[in-house]
Amino acid sequence: MTRAWKLPGLLVLCGSVAATGLAVSGSPATAVVLLLVFLAIAGVHSPLIFPRPIGALEAHRRSAADGRPVVLWRPGCTYCIRLRIRLGRSARHLHWVDIWRDPAGAAAARAANDGNETVPTVIVAGRPHTNPDPAWVLEQLSPPA
C-alpha cells in the first residue's frame, strides 16, 4: 500500500519545498498557486481518485455475475488516470483491481500482456483489452440495443 503513495507524497514534498522557496523570496501568491498545482497533481496520482479496489478473484466472480468489465490498474499510471477521468461517474460501475495491492491481479495483467504488467487492461467477457479507448469501455457498460 505504501508504494501507491510514494509518488503523491514526493509531489507534495517537492511542491512544499518549491512553494517555501518562493514564499521566502517574496512571492507568496505564486507560492500558493504552485503548491495548489502540486497538490492537484498529487491528488490525481493518488489512490483516492479511483473507486475502492477489490481482489482479482472477487472482481472476476462479480464480473461473471453482472457482466461488468474488470479493470486492472496501478496508481500513478497516466493511462489509468486518463481512463478513469474519461469514464467519469461510470467508473464506479466497473470492477477495479489494483495490481500493486493484489498479486492475483498482477498475475492476470502479466498473463494478458506477454509477461508485462501493462495497465490499464480491461477484461470484458473473459477477453483482455490493453489500454482500450475510454469510449469503447463506456460502450461495454451499456446494454446492447
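Proline 120 is located in the loop that runs between helix 5 (103–112) and strand 3 (121–124). In this predicted model, the peptide bond between valine 119 and proline 120 is cis, with omega at about 0°. The loop between helix 5 and strand 3 also holds aspartate 114. Aspartate 114 is not a glycine, yet its phi is positive, near 55°. Its relative accessibility is 78%, so aspartate 114 counts as exposed. A positive phi, of about 50°, is likewise found at alanine 125, which is not a glycine. Alanine 125 belongs to the loop between strand 3 and strand 4 (127–130). With a relative accessibility of 76%, alanine 125 is exposed.

The confidence of the prediction was examined for the chain and for its elements. The mean pLDDT of the chain is 89, and 95% of the residues reach 70 or more. Among the elements, strand 1 (residues 70–73) has the highest mean pLDDT, 96, while helix 1 (residues 2–24) has the lowest, 88. Where pLDDT is low, the predicted coordinates should not be read in detail.

Four strands form an open sheet in the order 2-1-3-4, and the pairing is mixed. Strand 2 (95–98) and strand 4 are the edge strands, each of which pairs on one side only. From one strand to the next, the twist averages 25°. Strand 1 and strand 2 run parallel and are joined by four bridges. Tryptophan 96, in strand 2, stands opposite valine 71.

Three salt bridges are present in the structure. One of them links the side chains of glutamate 58 and arginine 61, with an N to O distance of 2.4 Å. Both residues are in helix 3, three residues apart, which is about one turn of the helix. Glutamate 58 also meets arginine 62 in a salt bridge, at 2.8 Å from N to O. Arginine 62 and glutamate 58 are separated by about one helical turn, because they are four residues apart in helix 3. Glutamate 58 counts as partly exposed, at 27% relative accessibility. Arginine 62 is also partly exposed, with a relative accessible area of 33%. A further salt bridge joins glutamate 117 to arginine 110, where the closest N and O atoms are 2.5 Å apart. Glutamate 117 has a relative accessibility of 33% and therefore counts as partly exposed. Arginine 110, at 35%, is partly exposed as well. Through shared partners, the salt bridges of Glu58, Arg61 and Arg62 make up one network.

Helix 3 (residues 56–66) also contains alanine 64. Alanine 64 has 69% relative accessibility; exposed means over 50%, so this residue counts as exposed. Between alanine 64 and histidine 45 there are 19 residues of separation along the chain, and their C-alpha atoms are 30 Å apart.

A nonpolar patch on the surface was also identified. The patch is formed by Val12, Val32, Leu36 and Leu39. Together, these residues have about 330 Å² of accessible area. Helix 2 (residues 28–45) supplies the largest share of the patch, namely three residues. Valine 32 is one of the residues found in helix 2.

Notes: Residues numbered from 1 in each chain as written. Predicted model: local features only at pLDDT ≥ 70, side-chain atom pairs only at ≥ 80, totals over all residues. Heavy atoms only, no water. Patch = residues over 30% accessible without salt bridge, like charges linked within 9 Å, V, L, I, M, F, W, Y side chains within 5 Å. Areas by Shrake-Rupley, 256 points an atom, 1.4 Å probe, with all protein chains shown as cover. Salt bridge = Lys/Arg side-chain N within 4 Å of Asp/Glu carboxyl O. Helix = DSSP H or I, 4+ residues; strand = E, 2+ residues; numbered from the N terminus. pLDDT = per-residue confidence, 0-100. Buried < 20%, exposed > 50% of the residue type's maximum accessible area, 1.4 Å probe, protein only. Pairing = 2+ DSSP bridges. Axes fitted to C-alpha atoms, helices over the stretch in contact; angles between N-to-C directions.
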